[in-house]
Amino acid sequence: MIARMNRREFIALAGAGAVSLGISGCAAPNRTGAENKPANKPNFVVIFCDDLGYGDLGVYGHPTIRTPNIDAMAAQGQKWTNFYAAASVCTPSRAGLLTGRLPIRSGMCSSSRRVLFPDSAGGLPETEVTIAQALKPRGYATGCIGKWHLGHLPQYLPTRRGFDSYFGIPYSNDMKPTPLMQDEKTIEEPADQTTLTKRYTENAIAFIEKNKKKPFFLYFAHTFPHVPLFASKDFKGKSIRGIYGDAVEELDWSVGQILETLRRRNLAENTLVLFTSDNGPWLTQHLNGGSAGLLREGKGCTFDGGMREPFIAWWPGRIEPGQTIRDMGSTLDFLPTILSLAGAQLPTQNVLDGLDISPALLGTGPSPRKVMFFYRGAKLYAVRKGWYKAHYITKPAYGPGNEKEHDPPALYHLGRDPSEQYNVADKHSDIIADIRKEVALHLANLTPGKDQLAQRIPKKK
Ligand code: MG
């Protein structure tokens, strides 16, 4: 029925639904003043894949990987086509999502090491405020499930960064010894990775069941399809795409389980679910790496294949179904958007890079994001403003190959040329001048954080 309504009818119904659910009335002050926001405390579930490419889902055009649950989630909600992770590799990308800040500000990116390793001494600095920490004063239950990768030493674990509970692996699944942790204790080492997706999902369902009467925030960061790839016996060997497809199809099953649990507990209309990935496909893994579809390059690179991600937003009764959003957005925007919808205060001690995209989610206005900065380590490589993206520096994602500086920057129109193939810099000096101004403004207001990724645990003698 909703699918046949026009936009105005839908918004009217969504508003009426909000009243009948008791989510109107004693509203917390709304920081943005946007209309049609629920006045109570909605639940939030962030489902975050690892190394899933722009082209790896049925709804984003993959010809053989079956993702019926994610495809249905998009059909019932919004699918975005210009949405970016905060960085092209794991650690900085996750720091950006949870803090709403470019990783250069927190020191969670480095030109010496690209991510945290088991011998790393650093982690997300205590001066950073995570979404979970910011929601706590509003009475939210907070759970972290899956891969963390923001510091494995005790002071950096999720339970010290605003999460009530944690179940997962503290860094990537290709790093030894891959412990599985419950809160701050290792419960299995090495983790049996064949059952990780299944166990994460069981834990996520248990978290939702346990907290169904409270507002909750679940950060569910899957281990897959990061290499090495595993799938449980129900999925192994089932996909035409091979083990990569098996792993993604199991993630799709997991998404279906989460949405089904929310529906069964009558929580769907009060829960915003956001699905995306931390960075693009790991192309150097060949058959075991995913696909960025028509985008150029993949994980580790500042061409769009490294950072443009599938992004699906689902909230029955609040998000109009079946929309494709072409506005720009980023995981950097999760923190201000979630805090705005929760009526929570934005952290004031830190400069934020994220913007409140709830108007675009709720159909009351466009996304405020017009500019995106693409860092590799601690260096700014590229900038997108509107449809134009300027590359100041390029470098192959991995392996040998030097940085190449471009002056003037290489310029691509991502609307006409989403694959970044045709440099139009010589025709658009005005656009380049405008982007240069944007860069100057950004750099003038930038204080890089202390490099957390270069620090190592001293070796025992
Ligand atoms: Mg990753």
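Student: In this predicted model, which residues are in contact with arginine 161, leaving aside its neighbours within four places in sequence?

Tutor: Arginine 161 is in contact with Leu124, Pro125, Glu126, Glu128, Thr130, Ala132, Gln133, Trp148, Gln155 and Tyr156. One of these, proline 125, is 36 residues apart from arginine 161 along the chain, and their C-alpha atoms are separated by 9.7 Å.

Student: Why is arginine 161 called buried?

Tutor: Buried means under 20% relative accessible area. Arginine 161 has a relative accessible area of 1%, and is therefore buried. Its place is in the loop between β3 (141-146) and β4 (165-168).

Student: What does the side chain of arginine 161 reach?

Tutor: The side chain of arginine 161 reaches the backbone oxygen of glutamate 128, at 2.6 Å.

Student: How do you know that the span of helix α11 agrees with its number of residues?

Tutor: Helix α11 (residues 429-444) has 16 residues, so at 1.5 Å a residue it should span 22 Å. Its end C-alpha atoms are 22 Å apart, which agrees.

Student: Which residues of α11 are buried, and why are they said to line one face of the helix?

Tutor: The buried residues of α11 are Ile432, Ile435, Glu438, Val439 and His442. Seen down the axis of α11, they fall within an arc of 115°, so they line one face of the helix. The face turned away from this buried side carries the exposed residues Ser429, Asp430, Lys437, Leu441 and Ala444.

Student: What covers the buried residues of α11?

Tutor: The covering elements include α4 (103-106), β11 (371-376), β12 (379-385), β13 (388-394) and β14 (404-413).

Methods:
Residues numbered from 1 in each chain as written. Predicted model: local features only at pLDDT ≥ 70, side-chain atom pairs only at ≥ 80, totals over all residues. Heavy atoms only, no water. Helix = DSSP H or I, 4+ residues; strand = E, 2+ residues; numbered from the N terminus. Buried < 20%, exposed > 50% of the residue type's maximum accessible area, 1.4 Å probe, protein only. Contact = heavy atoms within 4.5 Å. Polar contact = N/O pair within 3.5 Å; in protein donor to acceptor, adjacent residues only side chain to side chain. Expected span 1.5 Å × (residues − 1). Arc of directions from axis to C-beta.
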